[in-house]
Amino acid sequence: PSMSAVMAGKSMPSGGSGKINPTLNAIRNKKIKKLGALHPQSRKASKAHKDLIHLDKKVFQIATKDLKHKPEIEKMAWFQKAAWMDEKKDYSMEELRQLANEFTERNDDQIADAYQEQAGQCTSGVKRLAPTSKVGQREQSRLHEKELLMAGKLSVPDLTQSKNVRKLKEWNTGNVDAMKQIKTVLVSMPDAMEDEEEEEEEERERERERERERE
């Protein structure tokens, strides 16, 4: 989103709501009304105009901050929901690694459905999903997250500490500042799945090689 969009009063994402914070928006509208009632050459009008510009910059900063942290917010929200459903006080490291693996596979059904739909429409064999499509982007995220998990570099909320589990459950979903107070830890693939995942990755690589040969 551009600053010009903010200056024009257009809706911008903030706090995951997809619109300008309603409180800030109400303040902005009052300032615009006040500015319109003042003489354009007066000192009060000059100050009101500066205040409006400052407020627009604040709205813009909030919006861009939320967009920047959107992937991390979505990840934290997924683990928050899992913690609510499990109702556990804390997790062992192996349980956390298994949960992290489930996180990387959260879109598998949607990806599989997309491939099945594509197979029914394509007569020359199933190709990779378009990387610019929504499902294609999710597939790319899955591959990246799996690579991080296998390398022991996937960052997830540290649910081995009961205090941190409580913080996550109480987190006001979408609040970036509060999210930063939740400790994270790097995890790797669950022991029982490492060999299986390596075999699957080798098979995917062989399939990609066959596709390149056909092309």
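I looked up the accessibility of Trp 78 and found 22% relative accessibility, which counts as partly exposed; buried means under 20% relative accessible area, exposed over 50%, and partly exposed in between (1.4 Å probe, protein chains only). I note that this is a predicted model, in which local features need pLDDT of at least 70, side-chain atom pairs count only at pLDDT 80 or more, and totals for chains, interfaces and linings use all residues. Residues are numbered from 1 along each chain as its sequence is written, and side-chain values use heavy atoms, with hydrogens and water left out.

I next listed the aromatic pairs and found three in the structure. Rings of Phe, Tyr and Trp (its six-membered ring) pair if their centres lie within 6.5 Å; planes under 30 degrees apart count as stacked, over 60 as edge-to-face and the rest as tilted. Trp 78 and Phe 79 form an edge-to-face pair, at 5.0 Å centre to centre with 75° between the planes. Phe 79 has 0% relative accessibility, so I recorded this residue as buried.

I then examined Trp 78 with Phe 103, which is also an edge-to-face pair, at 5.4 Å centre to centre and 70° between the planes. This pair links distant parts of the chain, 25 residues apart: Trp 78 lies in helix 4 (residues 70–86) and Phe 103 in helix 5 (residues 93–104). Helices are DSSP runs (H or I, at least four residues), numbered from the N terminus. Phe 103 is buried because its relative accessible area is 2%. I recorded Trp 78, Phe 79 and Phe 103 as a cluster linked by ring pairs.

Finally, I checked charges over rings, which require NZ of Lys or CZ of Arg within 6 Å of the ring centre and within 35 degrees of the ring normal. The charged end of Arg 106 sits over the ring of Phe 103, 3.9 Å from its centre. For Lys 88, I found the charged end over the ring of Tyr 91, 5.5 Å from its centre.

Definitions and conventions:
Helix = DSSP H or I, 4+ residues; strand = E, 2+ residues; numbered from the N terminus.
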